[in-house]
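Visitor: I've got this protein up on my screen and would like a guided look around. Could you walk me through it?

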Amino acid sequence: MKGICILGATGSIGVSTLDVVARHPNLYKVIALTANNNIDLLYEQCLVHHPEYAVVVDKTKALAFSEKIKDSVIADVNVLSGAESLEFVSTLDSVDSVMAAIVGAAGLLPSLAAAKAGKIILLANKEALVMSGDIFMQAVADSGAQLLPIDSEHNAIFQCMPAGYTSGMQAKQARRILLTASGGPFREMPIEQLINVTPAQAVAHPNWDMGRKISVDSATMMNKGLEMIEACILFAMRPDQIQVVIHPQSIIHSMVDYIDGTVLAQMGNPDMRVPIAYSMAWPERFESGVEPLNIFDVRRMDFEEPNLERFPCLRLAYKAINLGGIIPTVLNAANEIAVEAFLNEQVRFTDIPLIIERCMDQFEVIPADTLAVILEADQQARVVSKQVISELAH
Ligand code: NAD
Ligand code: MG
């Protein structure tokens, strides 16, 4: 029986994780669930899974949550609040596995704490890795933590790696990664119409049901840019070894190209319960609740090269990783600010890459070798991006 802590339990990945957990009650026990502020959903989840701890980051919402459970059957759940409580629950002795599914930079400290504490980290929070690549992987190596990627592409790549492979290793016989992308909702929209895209259009992804931020990232393809950086870090590859491939059907979740000409692909229905169940059962497998793939329904699979004029965010991600140092951290922070501004209808869809590039251009490349440097770059980039937004005259 393994104890699991789910950071970001109320999000899209959190909900899918609890669905898988519920299918294996004799293998997993929920120790802690965390939410930012959605206490109604957290309450429902606590009723079903009865964790020892529930973290509500927002302090006012945490008080309301304590009030809500007071006379209920889950009155004995320990309610904590504040961001520091996330680190507390992700390092508890009774926790074996930590699902890192908070969105954005807010997930960095608790994910890193889990890495330092030697936990099995089920990593969905790609932003944390993009920000802190080297020090995160060093923490994993030093503590003997096990890092299993949840992002469907990285999970696919991990599954296509040689036997005995662990994250961070260089697989010498693997010469290239083919990182697949659906291309999002605007793959075929005339480029001049992108300027009028609304938040509602951008979050409506054709193949995957995800949180709002990652849905916008998929529409700009910044998601693939972050994933390219994530792949360089997880699989010790150079950026020029990662080829992004648009595959609109999202059936192949990525491929590894070996020196003998073999290309291994992992396929399945586009449902995050597949990579979640794989990582939870690893090194075994168990049921995920996902329908078997009907290959006859798929009928055909298409592949095309991404157009960097349509998707400038992808170009910016290559620029950031090639510059290195703190620049990927800056890219990530600027993107978070730009996406938030777009979702709040303060800027246009096509302003997103503009804001990010103008922000990136204001930073010098310095090594991202301490957590302090990384957090400082993250904060500075947020300030600079907001400045850039205020200068955009609309
Ligand atoms: P989501 O928006 O649905 O959920 C985010 C979760 O994080 C929620 O539980 C929320 O309460 C919590 N959260 C948000 N801000 C927080 C803060 N400041 N402090 C603490 N908690 C906070 O997002 P999601 O789609 O589930 O994505 C989560 C992560 O997984 C992201 O990093 C995303 O890139 C990655 N991911 C998601 C998918 C997917 O299919 N949804 C696929 C691959 C990777
Ligand atoms: Mg992905």
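Guide: Here is a tour in questions and answers, from the overall fold down to single residues.

Visitor: What should I know about the model and its numbering before we start?
Guide: This is a predicted model, where local features need pLDDT of at least 70, side-chain atom pairs count only at pLDDT 80 or more, and totals for chains, interfaces and linings use all residues. Side-chain values use heavy atoms, leaving out hydrogens and water, while residues are numbered from 1 along each chain as its sequence is written, and chains are lettered from A and ligands numbered from 1 in the order in which they are written.

Visitor: How many helices and strands does the protein have?
Guide: Helices (H or I, at least four residues) and strands (E, at least two) are DSSP runs, numbered from the N terminus. Counted that way, the protein has 16 helices and 11 strands.

Visitor: What is the radius of gyration of the protein?
Guide: The radius of gyration is taken over C-alpha atoms, and the globule rule is 2.2 Å times the number of residues to the power 0.38. For 394 residues the rule gives 21 Å, and the protein comes close to that, so it is as compact as a globular protein of that length; its value is 20 Å.

Visitor: What share of the residues is buried?
Guide: Buried means under 20% relative accessible area, exposed over 50%, and partly exposed in between (1.4 Å probe, protein chains only). Of the 394 residues, the buried ones make up 56%.

Visitor: What share of the contacts with a separation of 6 or more comes from residues 24 or more positions apart?
Guide: A contact means heavy atoms within 4.5 Å. Among contacts in the protein with a separation of 6 or more, residues 24 or more positions apart account for 70%.

Visitor: Which residues are linked with D151 in a network of salt bridges?
Guide: A salt bridge is a side-chain nitrogen of Lys or Arg within 4 Å of a carboxyl oxygen of Asp or Glu. A search of the whole structure finds 22 of them. In the network, D151 is joined by K126, E153, K224 and E227.

Visitor: Which residue forms a salt bridge with E304?
Guide: E304 is partly exposed, with a relative accessible area of 35%. The closest N and O atoms of its salt bridge are 3.6 Å apart, and the partner is R187. That pair links distant parts of the chain, with E304 in the loop between α12 and α13 and R187 in the loop between β8 (174-181) and α8 (199-203); the separation is 117 residues.

Visitor: How far apart are the closest N and O atoms of the salt bridge between D271 and R273?
Guide: R273 counts as buried, at 16% relative accessibility. In its salt bridge with D271, the closest N and O atoms lie apart by 2.9 Å.

Visitor: Which residues make the nonpolar surface patch of about 510 Å²?
Guide: Patches are made of residues with over 30% relative accessible area and no salt bridge: like charges are joined within 9 Å, nonpolar side chains (Val, Leu, Ile, Met, Phe, Trp, Tyr) within 5 Å. One member, F303, has a relative accessible area of 43%, so it is partly exposed, and it lies in the loop between α12 (295-298) and α13 (312-323). The patch is made by M267, I295, F296, M301 and F303.

Visitor: Where is D217, and which residues is D217 in contact with?
Guide: D217 is found in helix α9 (residues 212-220). D217 is buried, with a relative accessible area of 1%. Leaving aside neighbours within four places in sequence, the contacts of D217 are M222, N223, L226, N335 and V339.

Visitor: Which peptide bond is cis?
Guide: P283 sits in the loop between α11 (273-281) and α12. With omega near 5 degrees, the cis bond is the one from W282 to P283.

Conventions: Accessible areas come from the Shrake-Rupley method with a 1.4 Å probe; for residues, only the protein chains shown count as cover.
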